[in-house]
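Please view the sequence and the model first.

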Amino acid sequence: MAHINDSGVNVAVLGATGQVGMVMRSILAEHKFPVKDLRFLASAHSAGTVLQWEGTDITDITVEDVAQADLSGIDIAIFSAGGGTSKKWAPRFAEAGAYVVDNSSAWRMDEDVPLVVSEVNPEDLDVIPKRIVANPNCSTMAIMPEMKVLNDHFGLRRLVASTYQAVSGSGRNGVLQLKNETQTAIDQGADKLVFDGSAIDFPQPTKVVRTIAFNVVPFIGDIVDDGSEETDEEQKLRNESRKILHLPNLLASCTCVRVPVFTAHGMSVNAEFEKDVTPDDARKVLATAPGVVLADIPTPQMAAGTDPSYVGRIRQDQAVEGKKGLALFITNDNLRKGAALNAVNIAQIIAEKHFGVKTPELSSSNSSASAPSASKIQA
Ligand code: NAP
């Protein structure tokens, strides 16, 4: 534990050594989160590692093994350590008095657990019955800020999405798989793949279920045993969008695809509305949406390392009669807003609502001010 300030809240990060945990540590510092005491936890594997936290001063913090840790005195615990770890530890932290903000899918569909995107449904944090709050899936997160304002103005009826998901979304092992396979292909003459998909002797996949270098893989998660033949990742978009937008009857279908990109997911979205909406109407309301930036060509490289959800290529959906359909493309950093940033935004709201601790950066992080201006069109 490190004492940072005399006021603020006591914060713990479980999974502090992982990819999301690493981004979480920097966002807590960047957003000047009002930290009193700060603790980093992980498994026995990395207990004892010393991590530097660059808040007001640079502070060394020793990682604790969660299984050996004293859980008392924590106000807010932010988890990014997988679903199994969260199922086991979230109730124990909550029982010890902490509010838990969880990044995994373990609690998202629990009726007594708010599922929150900070710009979209912060009011759902007024009451937190189990002291546990869930952070949505990273693809759902990417499109919620846009869908919220479009729904408010035009009434969202139906969503069809195809994802272009980066390998870091599957943890650091996905990143290593893409790196190793790419190196293998370069070493053996990658352009042989132009005429023969079997020309390179790739290693066995270690995380993504098929070779991901110079390929796309339309399979993320596990097939759900309900006859739908969808994966659980594909069902998350429907189930989580309904809960976050308070639209229990929203029609939604998703195809999840892993692509050879390190970080930032892309989403091709076709959305149908109750009212007529033109691309210009949509651009006008999206320009005012917190957390959203309009872009001519929103790419993952543009999004990686930044906070906003970028939206562009907005067209009338020609497969929907009249002017009730839009087609658009969204990109967003899956490790930042898709995971760590939204979790910190939720923690900021909890600090204000439940501890009366002011967070100076909250208003800017919940608008586009922490990102390029919403009205600025980026190529
Ligand atoms: P990661 O890089 O593989 O890191 C996993 C972290 O969890 C490490 O700190 C690890 O600690 C810790 N951990 C694993 N098992 C543990 C256990 N039994 N007890 C305590 N700590 C344990 O994975 P990640 O990409 O950061 O993702 C972490 C979580 O965030 C997952 O729940 C994932 O679903 C969620 N998430 C990820 C993304 C994304 O884009 N990657 C987006 C949204 C949500 P050690 O160092 O000790 O092994």
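The sections below cover the basis of the values, the domains, their interface, the ligand surroundings and the salt bridges.

## Basis

This is a predicted model, in which local features need pLDDT of at least 70 and side-chain atom pairs count only at pLDDT 80 or more, while totals for chains, interfaces and linings use all residues. Residues are numbered from 1 along each chain as its sequence is written, and side-chain values use heavy atoms, with hydrogens and water left out.

## Domains

The domain assignment gives domain 1 as 2-135 + 337-355 and domain 2 as 140-172 + 216-334; such bounds come from an automatic or database assignment. Taken over C-alpha atoms, the centres of domain 1 and domain 2 are 26 Å apart.

## Interface between the domains

In domain 1, 22 residues are in contact with 20 residues of domain 2, where contact means heavy atoms within 4.5 Å. About 1,800 Å² is buried between domain 1 and domain 2, and carbon and sulfur atoms give 60% of this area. Buried area is the accessible area (1.4 Å probe) that two parts lose on being put together, summed over both. Gln19, Val120 and Lys337 supply 31% of the area that domain 1 buries against domain 2, more than any other three residues.

Ten residue pairs, with both residues at pLDDT 80 or more, are in polar contact across the interface of domain 1 and domain 2. A polar contact is a pair of N or O atoms within 3.5 Å; within protein, one must be able to donate a hydrogen and the other to accept it, and residues adjacent in sequence count only if both atoms are side-chain atoms. Helix α8 (residues 336-355) gives five residues, the largest share of the side of domain 1 that touches domain 2. Helices are DSSP runs (H or I, at least four residues), numbered from the N terminus.

## Ligand surroundings

Of the 26 residues around the ligand, Thr17, Gln19, Ser43, Ser46 and Ser168 come nearest; a residue is near if one of its heavy atoms lies within 4 Å. The side chain of Gln19 has an N or O atom 2.8 Å from an oxygen atom of the ligand.

## Salt bridges

The structure holds 14 salt bridges, each a side-chain nitrogen of Lys or Arg within 4 Å of a carboxyl oxygen of Asp or Glu. Glu30 and Arg336 form a salt bridge at 2.9 Å, N to O. This pair links distant parts of the chain, with Glu30 in helix α1 (residues 19-30) and Arg336 in helix α8, 306 residues apart.

Definitions and conventions:
Helices (H or I, at least four residues) and strands (E, at least two) are DSSP runs, numbered from the N terminus.
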